[in-house]
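Please look over the sequence and the structure first, and then follow the sections below.

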Amino acid sequence: AILRTSIDILIFSSITIGWIILENLIIVYFKTGTAQIETRRIIYFIALGTIINLFLIPLVEFVVLMNLQYQTELNSRNLLHENTKFKYEILKNQINPHFLFNSLGVLNSLISESPEKSKLYLNSFSNVLRHVLDFREYNSIALKDEVKFLKDYIFLLNIRFEDSFQAKLDLPSRFLNKHILPMVLQLLIENVIKHNKMSENQPLIVTIHATAD
């Protein structure tokens with residue numbers, strides 16, 4: 001800002017001084033017929049142009065900087081607001097009320113039909129919820145940790161949809177220490193289920209695989 005102000009003062013002072021001298025040369029020429037100005041008047045014009053720009057340019061630069069700072073703060077607030085909304089939407093997707101309701105409904109029916117299976121179901125259900133709570137503030141997660149969570153989530157879906165839903169994971173061990181976004185695979189499966197139909201005759205088959213890219 002200081003460098004820009006100094007350059008502006010230099011440039012605009014030159015323009016202002018040149019304009020004032022040219023204007024006075026024209027006036028003198030029309031009055032006297034000669035285009036000559038006394039040295040003391042030229043010095044006066046130089047001082048006048050410099051003083052004008054010494055006050056004017058810093059004022060303009062100050063206004064520009066204040067506006068720039070305001071725009072920066074406004075953009076920061078907007079980004080913070082959008083980030084908060086994004087986190088909220090992600091959290092809503094992670095703990096979908098319908099998912100909780102359906103899971104508890106399945107658990108309720110399992111308790112009377114198969115107590116042993118209901119214990120396994122409850123264990124996987126608690127693992128899913130624990131994973132959501134543990135990693136909700138993380139920006140990334142190791143694929144191996146996400147796979148553990150995903151297997152519990154898939155187990156819940158297999159109990160709920162039985163033979164109508166299948167999930168196949170093709171994730172080579174060399175990729176398991178790579179990092180991805182938390183819950184992103186679960187969201188993918190959830191969207192596949194949400195936007196497709198399934199039945200025992202036409203099961204929904206989801207395949208997740210990883211490549212070097």
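## Elements and overall form

The model is a predicted one, and in it the protein holds six helices and four strands, which follow one another along the sequence in the pattern α-α-α-α-β-α-β-β-α-β.

The radius of gyration of the protein is 36 Å, whereas a compact globule of 213 residues would have one near 17 Å. The C-alpha trace spans about 115 × 35 × 30 Å along the principal axes. Of the 213 residues, 27% count as buried, and among the contacts with a separation of 6 or more, 75% are accounted for by residues 24 or more positions apart.

## Helix α4 against helix α5

Two packed helices are described by the angle between their axes and the distance between the axes. For helix α4 (residues 115-135) and helix α5 (residues 143-161), the axes come within 9 Å and cross at roughly 135 degrees, which makes α4 oblique to α5. The crossing in which α4 passes α5 is left-handed.

On the α4 side the contact is made by Lys-117, Leu-120, Tyr-121, Ser-124, Phe-125, Asn-127, Val-128, His-131 and Val-132, and on the α5 side by Asp-145, Glu-146, Phe-149, Asp-152, Tyr-153, Phe-155, Leu-156 and Ile-159. The residues of this contact divide into 10 nonpolar, three polar and four charged.

When residues up to four places away in sequence are not counted, His-131 touches Ile-141, Asp-145, Glu-146, Phe-149 and Met-183.

## Helix α5 against helix α6

Helix α5 also packs with helix α6 (residues 184-194), at an angle of about 25 degrees and with the axes 9 Å apart; this makes α5 roughly parallel to α6. Here α5 passes α6 in a right-handed crossing.

The contact is made by Leu-143, Glu-146, Phe-149, Leu-150, Tyr-153, Ile-154, Leu-157 and Phe-161 of α5, together with Val-184, Leu-185, Gln-186, Ile-189, Glu-190 and Ile-193 of α6. These residues divide into 11 nonpolar, one polar and two charged.

## Loop residues

Met-183, which is among the residues touched by His-131, has its place in the loop between β3 (179-180) and α6. Met-183 has a positive phi of about 70 degrees although it is not a glycine, and it counts as buried because its relative accessibility is 0%.

Glu-162 lies in the loop between α5 and β2 (165-170), and its phi, near 55 degrees, is a positive value in a residue other than glycine. Glu-162 is exposed, with a relative accessible area of 52%. Gln-202, in the loop between α6 and β4 (204-209), counts as exposed at 61% relative accessibility. Although Gln-202 and Ser-164 are 38 residues apart in sequence, they are 7.0 Å apart in space, C-alpha to C-alpha.

How values were computed:
Residues are numbered from 1 along each chain as its sequence is written. This is a predicted model: local features need pLDDT of at least 70, side-chain atom pairs count only at pLDDT 80 or more; totals for chains, interfaces and linings use all residues. Side-chain values use heavy atoms; hydrogens and water are left out. Axes are lines fitted to C-alpha atoms, for helices over the stretch in contact, and angles run from 0 to 180 degrees between N-to-C directions. Helices (H or I, at least four residues) and strands (E, at least two) are DSSP runs, numbered from the N terminus. Angles under 35 degrees count as roughly parallel, over 145 as roughly antiparallel, 65 to 115 as roughly perpendicular and the rest as oblique. A crossing is left-handed if the near helix is turned anticlockwise from the far one by less than a right angle, and right-handed if clockwise. Contact means heavy atoms within 4.5 Å. Ala, Val, Leu, Ile, Met, Phe, Trp, Tyr, Cys and Pro count as nonpolar, Asp, Glu, Lys and Arg as charged, and the others, Gly among them, as polar. The radius of gyration is taken over C-alpha atoms; the globule rule is 2.2 Å times the number of residues to the power 0.38. Buried means under 20% relative accessible area, exposed over 50%, partly exposed in between (1.4 Å probe, protein chains only).
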